Amino acid sequence: MTDLKGTIEWMGSCYGVDIQAGKPVIVRAERTRGHVDFFPVTQNDPVFIEGIRSGKAAVAGSLTAGESFACWLEAPFPAFQKAVKVLPTLLDVQLPFPLEDCIYSFIEGGRDDAVRMAGKTRAIAVAARTAEVQKKIETFSAFGVDPVVLDQEGLAIWTQSLAEVPAGKNSTTAPRVVIYLGVERSTLVIGRGTEFVSAHGMGQGNTAQIDRLLKTQLAAGQGGAGIQWMWAGPGAADALLLKKLGDSLYSRWPGSSVVHDKPETFLARAVAGRALLPGPLRCNLRSGPLLHPVIARKAERDVASTALTYLAAGLLLCGINVTWDLAVKHRETALDKEAGALAERLAGSRAVSAKGSTRLKMVRDAMSPRKDKMKPFMRNFEPSLAETIAAMTDLARKNDLNFEILSISRDKINVSGTAGNWKKCESLKDFLKQKGYTVKLDRKESLASERVAFFIASTGEGKVNE
Amino acid sequence: MNEKTTTRMLWAAAAVFLIVGTGMTVSNLRKSAGVSERLEKNIADLKTLRIMEADMARYEAAKKMMEKLPDKHPVPLNGLLQETLPASKGDDIRDAGKDELGGWLVRRKEISMNDVPVGKAMEFVQKAESQKLPWCLARCVIRAAPRAGGTGQVVLLMEALEKSE
C-alpha cells in the first residue's frame, strides 16, 4: 500500500529543490490551514542542513520533462478502476523500452463528456525509466539530499502555473503555454483551459522547436483564441531573453504574456506545494523499488493503524457481546433471586428451588390453607352481603320486579319472582354480571296477571367479597 | 520482532476478534428473542408473586387489627334483635356451629323470623355488623309474604369471631 498519490500530506512542511546547472534552488514550504507558504532557503541554511542531517526534513524534487514523460491514454472502459488494468499494456505499446524498466503511474483524466459517452476513460500516464530515477536520486545525493518525492516536472509546472495564475472563467478551452526557462534547458508545457495537454523538454530558447510543437498540439481547435503565454524559471527574470523569445513567438502565436512571480524559485515551489497539498495530477516517480523509506514506513504505519482500528472494532464487538451476555445473566439471576426470596417468604424454602409456573403453583398451594384460616378475619373488612341485598331491592323497586324468594350467600345468589316484562329481568341479570357473578336467567310460564315469572341462578365469588 | 511481523500479528488478532465478535453478535441476535421472552416471563412471575404477597399482607393485617380489638366476645344477638324487632322471640336464634381457628372461634347463629318487615331485618344485620367485634352476614334467605308488601320470612346466618379463653 504505497499509493500516496505523490503527496506527503501528513507532514506540515518540506523543502522543494530544483537543481539548475549543478546548483540547487531551495524553498521551504509550510502548510497552515490548507494553504502553503514558501520561504527561499540557501544551501548553507543551518536549519536546512540540520533537517537534512537528522532526516527530519522531507525533500521534494522532480524529474525533468526529458528524464520522464506524461502522456494521455484512452482505454475502452467507462470505469477508471477497470481501465487501469489495461493502461499498462497501452503504455507499453508506446514505449521504446520495456515497461518493466519503468516506474509509472496513471492519473484519471478529466470527465470529457464525448469520451464518457463513447464508454471510454482518459488517463495521464506518468513514467520514467528506473535508471533515470536512480540517477536523479544520486544527483540529489551529491548535495546531501535524499528526496522523498520525485515529481514529474511538466505536471508540476502546469498545476503550479494554474494555482498562481488561474485560468479565466470563460477560457475553458483557451490555450495556455507555460515555458519554464532553466539555466541550461527549457520545458514547454501546453494546455487548454485547466486541462494539461503535453510537456516537452528542450534546449534553452529553442523557438523553432516551440513553434513546431505548438503547430502539432494547438493548431487544430485553437479557434482563433489568443495564447496565454506564461513564463517561469530563472531565465524568465532575464528581460532581454524574454524579449528575444517573445519577438520570435508572438508574431506567429499572438496572445497575452505573464511572467510568474519569483520565477527563479517557481519549480521548487511547485514540487514542494504539490507534495504538501492534495490536488489534481499528483504523482511521485520515486516509488516501486526506489520508494523512499519514509513513505514505506508511513505506509506500514497506516497499515498497522488500520489493523489496530479493526482490532479495536473486533475487541469492542466482543466486549459489547460479553457485556450483553453478562447483563442478561445478571438480570436473570437478580430476578430469580428476588422471586426465590419472595417465594420462600410466602411458601417456605420448598418453593425456592422450583422455577416459573411450578414455583407459582407451589406458593399458591402453600398460601391457600393459610388464607382459608384467615378468611373470617378478612370478611369483617369486606362489603357486607346486606349491601348487595339493599342494591337488589332498590333495583327491584325501580324496575317493577317482585322477588318471591331471594337467597344470598358468599358464592351464590338465587332469585325467583315476577317482572313487568322480560326486559326488566335483564336489568337484574346485568347488575349481577357487573358484580362478577356467572348468571343464568330462566323464564317461566307467563302468569294470568301477564307478569313474567323468572328465576336467576348466579354463582361466583362476586365483587361482594372483594 | 520487526514492524511487518507486528502488523501481521495485529491483522491476525483483528481478524480473530472480528470473526469471534461477529459470531457472538449473530448468536446473541438469535438468542435475543428467547432471552427477551424469558425475562418478560420472569418479570411477570415476580409481579404475580408480589401481588400474592400483597394479598397475604391484607389477610395478615386484617387478623392483626382484629387481635388489637379490646372485646373478646361479640355482643349477644338477642339484645340487638329485641332492639330492632321487639316482636321477635329469643328462640328465633339457634346455634349453627363453631370452628376452632388458632386462638379464635368462628361462631355461627341462624336467625329465623316470620312475617317481619325485610327492611327491619336488614337494619338488624347492619347493627350486628357495626359492633366493635362485629357479626357478619354469611347467608340470607328471604321469602316474600304473598300480599303484604315488604314483609316475609327471613332466615339469616350470622358469623362472628370470638377469642378462645
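Which residue lies over the face of A:Trp72? Select A:Arg122, which is placed over that ring at 4.1 Å from the ring centre; the criterion is NZ of Lys or CZ of Arg within 6 Å of the ring centre and within 35 degrees of the ring normal. A second case is A:Arg129, over the face of A:Phe97 at 4.5 Å from the ring centre.

The model is predicted, so that local features need pLDDT of at least 70 and side-chain atom pairs count only at pLDDT 80 or more, whereas totals for chains, interfaces and linings use all residues. Residues are numbered from 1 along each chain as its sequence is written, chains are lettered from A and ligands numbered from 1 in the order in which they are written, and side-chain values use heavy atoms, with hydrogens and water left out.

**Strands of chain A**

Next, select residues 68-75 of chain A, strand β5. Helices (H or I, at least four residues) and strands (E, at least two) are DSSP runs, numbered from the N terminus. Six of the eight residues of β5(A) are buried, where buried means under 20% relative accessible area, exposed over 50%, and partly exposed in between (1.4 Å probe, protein chains only).

Move to A:Gln20 in strand β1 (residues 13-20) of chain A. A:Gln20 is buried, at a relative accessible area of 5%. Residues up to four places away in sequence aside, its contacts (heavy atoms within 4.5 Å) include A:Val25, A:Tyr180 and A:Pro234.

**Aromatic pairs**

Over all chains, the whole structure holds six aromatic pairs. Rings of Phe, Tyr and Trp (its six-membered ring) pair if their centres lie within 6.5 Å; planes under 30 degrees apart count as stacked, over 60 as edge-to-face and the rest as tilted. Select A:Trp229 and A:Tyr250, a tilted pair with 5.8 Å centre to centre and 55° between the planes. A:Trp229 lies in strand β12 (residues 227-232) and A:Tyr250 in helix α7 (residues 239-250) of chain A, so the pair ties together parts 21 residues apart in sequence. A:Trp229 is buried at 0% relative accessible area, while A:Tyr250 is partly exposed at 27%.

Finish with A:Phe377 and B:Trp104, an edge-to-face pair at 5.3 Å centre to centre and 90° between the planes. A:Phe377 belongs to helix α11 (residues 356-379) of chain A and B:Trp104 to strand β2 (residues 104-117) of chain B, so this pair joins two chains. Both A:Phe377 and B:Trp104 are buried.
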